[in-house]
Amino acid sequence: MRLPNAALLLCVGSAVFAFSRASLAATPSATQVTWETLGELDYKTGTASAKVKALDGKELRVAGFIVPLDFSEAREVSEFLLTPSYPGCIHVPPPTPAQTILVKMEKGKKAKMSWGPIWTTGKLKLVLEKKSGYGEASYQMTGLSTADYDITEAGDKLVNFAITGGAPIPMKKK
């Protein structure tokens with residue numbers, strides 16, 4: 001039996017949230033930034049909006065999905081790509097460099113591997129030389145912490161869309 005795309009995404013999203021994982025403490029001083037804002041960088045020309053330029057060197061909190069670049073037996077990663085959508089396969093084109101952050105956790109810190117969305121907090125660096133050994137990324141981040149992502153709280157539109165396929169999200173009442 002074949003499920004419609006939206007139903008399949010909801011099933012996958014439900015399964016993803018069923019997995020629990022420990023998280024490192026979030027840094028309260030970090031500014032939350034969206035992929036929509038990060039997308040204001042023209043990765044082909046290397047020109048960025050004033051808003052994006054102002055983020056360079058700042059401590060930020062970004063929602064997204066881990067594409068692991070290393071993996072320990074303890075299911076921890078110290079380097080990963082953070083993207084606004086599920087990690088793809090060879091049949092799916094990768095996100096643009098403006099929607100990819102190369103995260104290297106601060107020395108001595110690791111992030112628990114998650115197949116669901118997470119928050120990553122760290123110092124962002126705008127990178128106009130986007131080539132790395134792992135693909136193209138217009139941003140690098142020194143990761144300070146990761147935390148679970150809760151879809152019922154204010155988050156990121158692109159991450160929420162990746163989870164639900166565009167289905168409405170019931171938000172928590174404050």
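Me: In this predicted model, what is the relative accessible area of Y86?
Reply: Buried residues fall under 20% and exposed ones over 50%. Y86 counts as partly exposed because its value lies in between, and that value is 23%.

Me: How many aromatic pairs are there?
Reply: Rings of Phe, Tyr and Trp pair if their centres lie within 6.5 Å. By this rule the count is 2.

Me: What is the angle between the ring planes of F65 and Y86?
Reply: The two ring centres are 4.8 Å apart, and the pair is tilted. For F65 and Y86 the angle is 50°.

Me: How many residues apart in sequence are the parts that F65 and Y86 tie together?
Reply: F65, buried at 0% relative accessibility, belongs to strand β4 (residues 59–68). Y86 sits in the loop between β6 (79–83) and β7 (101–105), so the pair joins parts whose separation in residues is 21.

Me: Which residue lies over the face of W119?
Reply: W119 has its ring centre 5.3 Å from that of Y149, with the planes at 40°, so these two are a tilted pair. Both W119 and Y149 are buried. At 3.9 Å from the ring centre of W119, over its face, lies R61.

Me: Which residue's side chain makes a polar contact of 2.3 Å with that of S78?
Reply: S78 is in the loop between β5 (76–77) and β6, and counts as buried because its relative accessibility is 19%, where the limit is under 20%. Leaving aside residues up to four places away in sequence, S78 touches several residues, including V103, K104 and D70. The side chain in the 2.3 Å polar contact belongs to D70.

Notes:
Residues are numbered from 1 along each chain as its sequence is written. This is a predicted model: local features need pLDDT of at least 70, side-chain atom pairs count only at pLDDT 80 or more; totals for chains, interfaces and linings use all residues. Side-chain values use heavy atoms; hydrogens and water are left out. Rings of Phe, Tyr and Trp (its six-membered ring) pair if their centres lie within 6.5 Å; planes under 30 degrees apart count as stacked, over 60 as edge-to-face and the rest as tilted. Helices (H or I, at least four residues) and strands (E, at least two) are DSSP runs, numbered from the N terminus. Buried means under 20% relative accessible area, exposed over 50%, partly exposed in between (1.4 Å probe, protein chains only). A charge sits over a ring if NZ of Lys or CZ of Arg is within 6 Å of the ring centre and within 35 degrees of the ring normal. A polar contact is a pair of N or O atoms within 3.5 Å; within protein, one must be able to donate a hydrogen and the other to accept it, and residues adjacent in sequence count only if both atoms are side-chain atoms. Contact means heavy atoms within 4.5 Å.
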